Amino acid sequence: MNPTQIIIDTDPGVDDALTILLALASPEIQIEALTTVHGNIGIEKTTRNALAMLEFANASHIPVARGCSLPLVSPLNKSGDIVHGASGIGKAVLPEPKSKPISQHAIDYLIERILAAPQEITLFTIGPMTNLALAIRKEPRIAEALKGLVIMGGAIRSGGNITPLAEFNIHADPHAVHIVFHSGIPITLIPLDVTYKCLLTTADVERLNRIDSPVARFVRDATAVYMDFYKKYEGFDGCPLHDPLTLATIIAPELLTLEEHYVDVDISGGISTGKTFADFMKVSKQPANIKVALDVRGRDFIELFIERMEKLA
Ligand code: BDR
Ligand code: CA
């Protein structure tokens, strides 16, 4: 079978960086491009990290298109460096990339690439959804041309990780999410409900580093600050592999339990702004618009992740 062609819209970001590595290690996937966005850190650094990651993995033939530096309406969230470190990739140090982003803006790249290959591209958004929302507004036909959209974001039954109710990627640009959720694109949502069941532990990282390699060292150094954050603020050992879990929809769909529901986001401006909710009891009478992951065999996913990193190493 031909590999699934994907574009990753990303804000690297520790777990974004691990997603890029996992995608490159997966024969089921062909990365067509990375598009960058503000999020875990500013757009300069997310773009730099995207280019540096591709060079690190000998994949600098993959184009990177730089995207939006600001959300649609909300103020820019600047809290990401506590979680991801000042560089965005923890304690990992990657050389300044030699490659440059393409001249086209991410919004225009997405429109052109998706329309050129109707029903072929699956988009993964693993940061705030500003680029995709503006691409939909500029060229609504991309909604029908996309094969699918997989989103890391939201907290359905789970609490939030940036407010008590909201998840970071959604809260960072909830108005963009509103546009995307109502666009008609076939969406699969990977919320905190499942990502918190996929914990990469310090023992896993040590195991991976039993054989010394640049990839093993990168995983160790990149996750160091991230793990300190979860230990200090949330009280557990390890870190959730939020963004990498989106790729399970292609490489191990049997690990996920998906349900179709009407899902929406609160943009009312109150305390629950950015909260994603599913209409489990069908009170809104709205048709289902999203397949949402509500359970996962988390440990199996972590084992798969480690296996693939070993292969890459
Ligand atoms: C999401 O927020 C970011 O910190 C991560 O990269 C992930 O995309 C998790 O809430
Ligand atoms: Ca991310």
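Are D16 and I126 buried or exposed? The close-ups below begin with this pair. The model is predicted, so local features need pLDDT of at least 70 and side-chain atom pairs count only at pLDDT 80 or more, while totals for chains, interfaces and linings use all residues. Residues are numbered from 1 along each chain as its sequence is written, chains are lettered from A and ligands numbered from 1 in the order in which they are written, and side-chain values use heavy atoms, without hydrogens and water.

**View 1. The calcium ion (ligand 2) and its protein donors.** Donors here are N, O and S atoms within 2.8 Å of the metal (3.2 Å for Na, K and Ca); water is not among the atoms, so sites may look incomplete. Along the chain, the donors follow the spacing D-x4-D-x109-I-x116-D. D16 in helix α1 (residues 14–24) and I126 in the loop between β4 (121–125) and α5 (130–138) are 110 residues apart, so this pair links distant parts of the chain. Helices (H or I, at least four residues) and strands (E, at least two) are DSSP runs, numbered from the N terminus. Both D16 and I126 are buried, meaning under 20% relative accessible area, with exposed over 50% and partly exposed in between (1.4 Å probe, protein chains only).

**View 2. G238 in its loop.** Look for G238 between α11 (214–234) and β8 (239–240). G238 counts as buried because its relative accessibility is 1%.

**View 3. L72 in its loop.** L72 sits between β3 (64–65) and α3 (80–84). L72 counts as partly exposed because its relative accessibility is 32%.
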